[in-house]
Amino acid sequence: MPGSLSTALRVVGTSLFAVAVLGGILAAYVTGYQFIHTEKHYLSFGLYGAILGLHLFIQSLFAFLEHRRMRGEGQPLRPGRSVALCIAAFQEDPDYLTKCLRSVKRIAFPDLKVVMVVDGNGPDDTYMLDIFHDVMGSERCGSYIWRSNFHAWGEGETEAGLREGLARVQALVRSNTYSCILQKWGGKREVMYTAFRALGDSVDYIQVCDSDTVLDPACTAEMLRILEADPHVGGVGGDVQILNKYDSWLSFLSSVRYWMAFNVERACQSYFGCVQCISGPLGMYRNALLQQFLEDWYHQTFLGSKCSFGDDRHLTNRVLSLGYRTKYTARSKCLTETPTRYLRWLNQQTRWSKSYFREWLYNALWFHKHHLWMTYESVVTGFFPFFLIATVIQLFYRGRVWNILLFLLTVQLVGVIKATYACFLRGSAEMIFMSLYALLYMSSLLPAKIFAIATINKSGWGTSGRRTIVVNFVGLLPVSVWVAVLLGGLAYTAYSQDLFSETEVAFLISGAILYACYWVALLTLYLAIVARRCGKRQEQCGLVFTEV
């Protein structure tokens, strides 16, 4: 069969499959078909719930199978492969940067080239160069404070000076084992571009890392094993955990959410070779592929505006667009910083949601090049928030008080089931607190996703540098509106509802007691197990590579 015809058939096939999946979910949602229900529908189980439950079961099953496969990996590496580690830095906290660089020096991989590019070249940025020299050793380092960058001239720059700077950056990176470049501010993508462009084709593989990340000594070798084992794999990501896990309740809940995201969701995607985001703190790519799409990646636009966030997700998408597979391995590990305060966390999540929806559209162009699971999961996860928002608004404005309480109980029940599975998979009772994250999702992430779509073209790093934390209150606007909508709906439903029947009163009392017992039990466990450790940095994590 001619290649063009085969491609056309695959495009049509995957498009019809996507429409069928969405149509099936939409039909189940709209019809509200119920398999079983009590009298007057106080309790019921329907087709829509069965579809979501089946999705979670299948996802967990393939994640489990992928973890079994990971445990069998470990073939020796072939000698002679060259790897460059590229670190992106911006106004980094000195302690985090020091930890990052110390962990880099401990990586067990021969002749690893390290390139750190700092987004900024002013007097307030030179402390990062000093730290780089102190940790990596001045005698082995090459450094350069560049007035410009690859796409913008610095103040007082001349054309001859720019050409000299370009040549010097490339020579510095290629001739030194450790190199650090301070350049004119341009955003994270500009920083990454400088490292990639300067390296050119001088190495076989490129590993990416953020400056707030502590790397496991075996991380490079473990990711390289995946790429060496299958020439059709273009990129691989590792297990990203939280460095400041016990700094606050928010960073702790983020830690259990991170574990689920990587070891269930991305592990399942990895089983089918279609991981949709190789995270910035820990990832590796075939350099030959990366150099092919470097310019297209950097010059990405959306709705007429240049993209300046979602760099790592788009990098992954570019690999997928070429038909190469992307994988995840839990054998490669790192720890990274996460926001400890609500506003900064909310801004981070909004920025990630922007890149998710934008890249979802780009990713859809390549469904036909990969396993049908990528099409199926993209449809389910992409549209789920909208179904959920519609459900919440309908229940809060057209339901009964019992329906609202039942919905809250169901949300927590699903959270407990997922958390219980995570406890089994990870072998840690701490994962039971994953169910608490459902409250954050319902109260904050849902409105943040809508706000992200509304402001999808607004650019910036999203979260501020860690040396100076900048508070942005804009993210509170959608959350405040969402809370007002829910409280208004609850008041309206309570006011307009007829008198409660005896059966409904019994359900309300039982449900309220059950809901209260859940929160009392979980919060008691949290106070007993987690809260006493919060703020104690020396207990951040039991991983051996934290002591750097």
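In which helix does Val481 lie? Val481 lies in helix H15, helices being DSSP runs (H or I, at least four residues) numbered from the N terminus. The model is predicted, so that local features need pLDDT of at least 70 and side-chain atom pairs count only at pLDDT 80 or more, while totals for chains, interfaces and linings use all residues. Residues are numbered from 1 along each chain as its sequence is written, and side-chain values use heavy atoms, with hydrogens and water left out.

Stay on Val481, which at 46% relative accessibility counts as partly exposed (buried means under 20% relative accessible area, exposed over 50%, partly exposed in between, with a 1.4 Å probe and protein chains only).

Next, select residues 476-496, the whole of H15, whose 21 residues reach 30 Å from the first C-alpha to the last. Colour Pro478, Val479, Trp482, Leu486, Gly489 and Thr493, which are buried; seen down the axis of H15, the buried residues fall within an arc of 100° (taken from the directions from the helix axis to the C-beta atoms), so they line one face of the helix. On the other side of H15, Leu477, Leu487 and Tyr495 are exposed.

Finally, show helix H11 (342-363), helix H12 (372-398), helix H13 (401-426) and helix H14 (437-454), against which the buried residues of H15 pack (contact means heavy atoms within 4.5 Å).

Definitions and conventions
Helices (H or I, at least four residues) and strands (E, at least two) are DSSP runs, numbered from the N terminus. The expected span of a helix is 1.5 Å times one less than its number of residues.
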